[in-house]
Amino acid sequence: MISPFEPHQVKQVNGQRIVSYGTSSYGYDIRCSDEFKLFTNINSTIVDPKNFDDKSFVDIKADSCVIPPNSFALARTVEFFRIPRNVLTICLGKSTYARCGIIVNVTPFEPEWEGYVTLEFSNTTPLPAKIYANEGVAQVVFFECAADDVCETSYKDRGGKYQGQQGVTLPKI
């Protein structure tokens with residue numbers, strides 16, 4: 001269901017403390033990859049989910065990303081997910097980032113959805129904020145349905161537009 005999978009909570013890498021990732025008490029702490037799309041307003045466009053201008057982002061590949069004040073960035077997870085038909089997930093930002101004014105937003109992973117997860121980081125502070133690649137950013141909580149409660153139509157059945165996404169995926173309509 002998760003690849004690569006870390007069966008334990010990782011809190012250090014090469015002797016350095018990091019924002020933890022891996023299996024947690026009732027979920028899985030996911031990591032952010034080193035691929036970021038940083039929002040920029042240099043082109044002065046309108047943010048329109050029905051007609052999104054990809055020139056609104058600057059692509060960055062780095063070990064960290066600094067998000068300007070009151071702005072946001074997109075990234076993707078290190079982990080690839082394959083959600084079973086009888087499972088729904090909810091993803092919530094880690095407290096380490098939340099306590100710094102960085103909100104991580106992710107929609108639920110619906111039954112039979114698969115792909116890398118696109119993450120949205122909102123910097124709600126009046127100061128630049130830093131996020132780290134290959135470290136924990138959010139926790140996925142899994143809800144398993146009883147056998148007689150399995151969904152009638154899964155994300156895969158209805159041909160969901162984000163099925164199988166590979167990289168940081170912009171809005172689609």
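Leaving out neighbours within four places in sequence, Ile30 is in contact with Thr77, Glu79, Phe81, Cys91, Leu119, Glu135, Gly136, Val137, Ala138 and Val140, where contact means heavy atoms within 4.5 Å. This is a predicted model, in which local features need pLDDT of at least 70 and side-chain atom pairs count only at pLDDT 80 or more, while totals for chains, interfaces and linings use all residues. Residues are numbered from 1 along each chain as its sequence is written, and side-chain values use heavy atoms, with hydrogens and water left out.

**The nonpolar core**

Ile30 is one of the residues that touch the most other members of the largest nonpolar core, a set of 31 residues. A nonpolar core is a set of buried Ala, Val, Leu, Ile, Met, Phe, Trp, Tyr and Cys residues joined through side-chain atoms within 4.5 Å. Buried means under 20% relative accessible area, exposed over 50%, and partly exposed in between (1.4 Å probe, protein chains only). Among the elements that give two or more residues to this core are strands S4 (27-39), S7 (72-82) and S12. Strands, of at least two residues (E), are DSSP runs numbered from the N terminus. S4 gives the most, with 5 residues. Apart from this core lies another, of 7 residues, including Phe52 and Leu74. In soluble globular proteins, nonpolar side chains tend to be buried together.

**A look at Gly136**

Gly136 lies in strand S12 (residues 136-144) and counts as buried because its relative accessibility is 0%. Its C-alpha atom is separated by 5.0 Å from that of Ser20, 116 residues apart along the chain.

**Aromatic rings**

The structure holds 7 aromatic pairs. Rings of Phe, Tyr and Trp (its six-membered ring) pair if their centres lie within 6.5 Å; planes under 30 degrees apart count as stacked, over 60 as edge-to-face and the rest as tilted. Here are two of the pairs:

| Pair | Centre distance | Plane angle | Type |
|---|---|---|---|
| Phe39 and Phe72 | 4.9 Å | 20° | stacked |
| Phe109 and Trp113 | 5.4 Å | 40° | tilted |

Phe39 in strand S4 and Phe72 in strand S7 are 33 residues apart, so this pair links distant parts of the chain. Phe39 is buried, with a relative accessible area of 18%. In the other pair, Phe109 is buried at 3%, and Trp113 is buried at 7%. Ring pairs also link Phe39, Phe57 and Phe72 into a cluster.

Terms used: Helices (H or I, at least four residues) and strands (E, at least two) are DSSP runs, numbered from the N terminus.
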